[in-house]
Amino acid sequence: MLFDSHAHLDANQFKNDLNEVIKRAQDEGVELIMNPGADYESSMNAVKLAETYDFIYAAVGVHPHDASSLDDMMLTLLKKMAKHPKVKAIGEIGLDYHYDYSPRETQRYWFRKQLQLAKALNLPVIIHDREANQDVFNILKEENAFETGVLLHCYSGSAELARQYVNLGAYISIAGPVTYKNARKTVEVVEMIPLEKLLIETDSPYLSPHPMRGKRNESSYVKYVAEKIAEIKSLSYEEVCRVTFENAKKYFKI
Ligand code: NI
């Protein structure tokens, strides 16, 4: 019983063997997968996948890297797409000050617009935050995003910030980097945050967990994240799988 709460199955890296990737995931007990969009096209492809496979759900949204590609017409089209019954969130959206592929002002503008879209549709959001901790936190508060649901995907911030988020009702999603040798900060997050507030994910095809680090990531590897959380929290693997599965179902209203 595993829920990979963040996988980009629509990515090019899977175009030759998606069926085998999905088969391996199911063999490892992955029962549900959330596939978020990263731009307009991948949002469309996420919806198509969700229509093809009953255990795949979609989120639609434009990643901060591609914020410059957004305009009002595209936002209207995203809104239409988000009304599909298998679209359960707006994402992934947020701010990325590490790469700055889109100007920061543009990122913030479209981050707010997409948060407002989520509120208008009563959908939760999937947040990408890279080196923009304070701005992401402030904008989420200013836009009252916590009312409809906030999930911090592939969380890499401090334990203290995670606690502030959880106090506001947010969920924290843990990805492969928690298994890396230098993961002290994320290990602290897992120690401090109750299991009832944690989700697990691969962010595949990126960020493969140890011992697959460096290879293409895939949904079946989400088990390594669950194993690591079980080890950190001194819980059974089965309990981590079951509780994070229920958390994700509840968050996405599945
Ligand atoms: Ni992602």
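Author: A donor is an N, O or S atom within 2.8 Å of the metal. This model is predicted.

Reader: What makes His-6, His-8, Glu-92 and Asp-203 the protein donors of the nickel ion?

Author: Set the distances against the cut-off. The atoms are NE2 of His-6, NE2 of His-8, OE of Glu-92 and OD of Asp-203, and they lie 2.0 to 2.5 Å from the nickel ion. The limit is 2.8 Å, so these atoms count as donors.

Reader: Why is the arrangement of the four donor atoms around the nickel ion called irregular?

Author: Look at the angles. They run from 85 to 177 degrees. For reference, ideal angles for four tetrahedral donors are 109.5 degrees. One caution: water is not among the atoms, so sites may look incomplete.

Reader: How are the donor residues of the nickel ion spaced in sequence?

Author: The pattern is H-x1-H-x83-E-x110-D.

Reader: How do you know whether His-8 and Glu-92 are buried or exposed?

Author: Buried means under 20% relative accessible area. His-8 has 7%, so His-8 is buried. Glu-92 has 3%, so Glu-92 is buried too.

Reader: Why are Asn-122 and Lys-253 called exposed?

Author: Exposed means over 50%. Asn-122 has a relative accessible area of 51%, so Asn-122 passes. Lys-253 stands at 58%, so Lys-253 passes as well. Asn-122 is in the loop between helix H4 (104-121) and E5, and Lys-253 is in the segment after helix H9 (237-252). Both have a positive phi: near 60 degrees for Asn-122 and about 55 degrees for Lys-253. Most residues other than glycine have a negative phi.

Reader: What lines the largest pocket?

Author: The lining has 39 residues, and His-128, Arg-130, Asp-203, Tyr-206 and Leu-207 lie nearest the centre. By type, the lining divides into 13 nonpolar, 14 polar and 12 charged residues. The pocket holds about 1100 Å³ of space.

How values were computed: Residues are numbered from 1 along each chain as its sequence is written. This is a predicted model: local features need pLDDT of at least 70, side-chain atom pairs count only at pLDDT 80 or more; totals for chains, interfaces and linings use all residues. Side-chain values use heavy atoms; hydrogens and water are left out. On a 1 Å grid over the protein atoms alone, a cavity is a set of points where a 1.4 Å probe fits but cannot get out, and a pocket is an open set with protein on both sides within 12 Å along at least five of seven lines; lining residues have an atom within 4 Å of a point. Grid points are joined across faces, edges and corners, and a volume is the space filled by probe spheres set on the points. Ala, Val, Leu, Ile, Met, Phe, Trp, Tyr, Cys and Pro count as nonpolar, Asp, Glu, Lys and Arg as charged, and the others, Gly among them, as polar. Donors are N, O and S atoms within 2.8 Å of the metal (3.2 Å for Na, K and Ca); water is not among the atoms, so sites may look incomplete. Four donors count as tetrahedral if all angles lie between 85 and 135 degrees; four count as square planar and six as octahedral if opposite donors are over 155 degrees apart and all others between 65 and 115; anything else is irregular. Buried means under 20% relative accessible area, exposed over 50%, partly exposed in between (1.4 Å probe, protein chains only). Helices (H or I, at least four residues) and strands (E, at least two) are DSSP runs, numbered from the N terminus.
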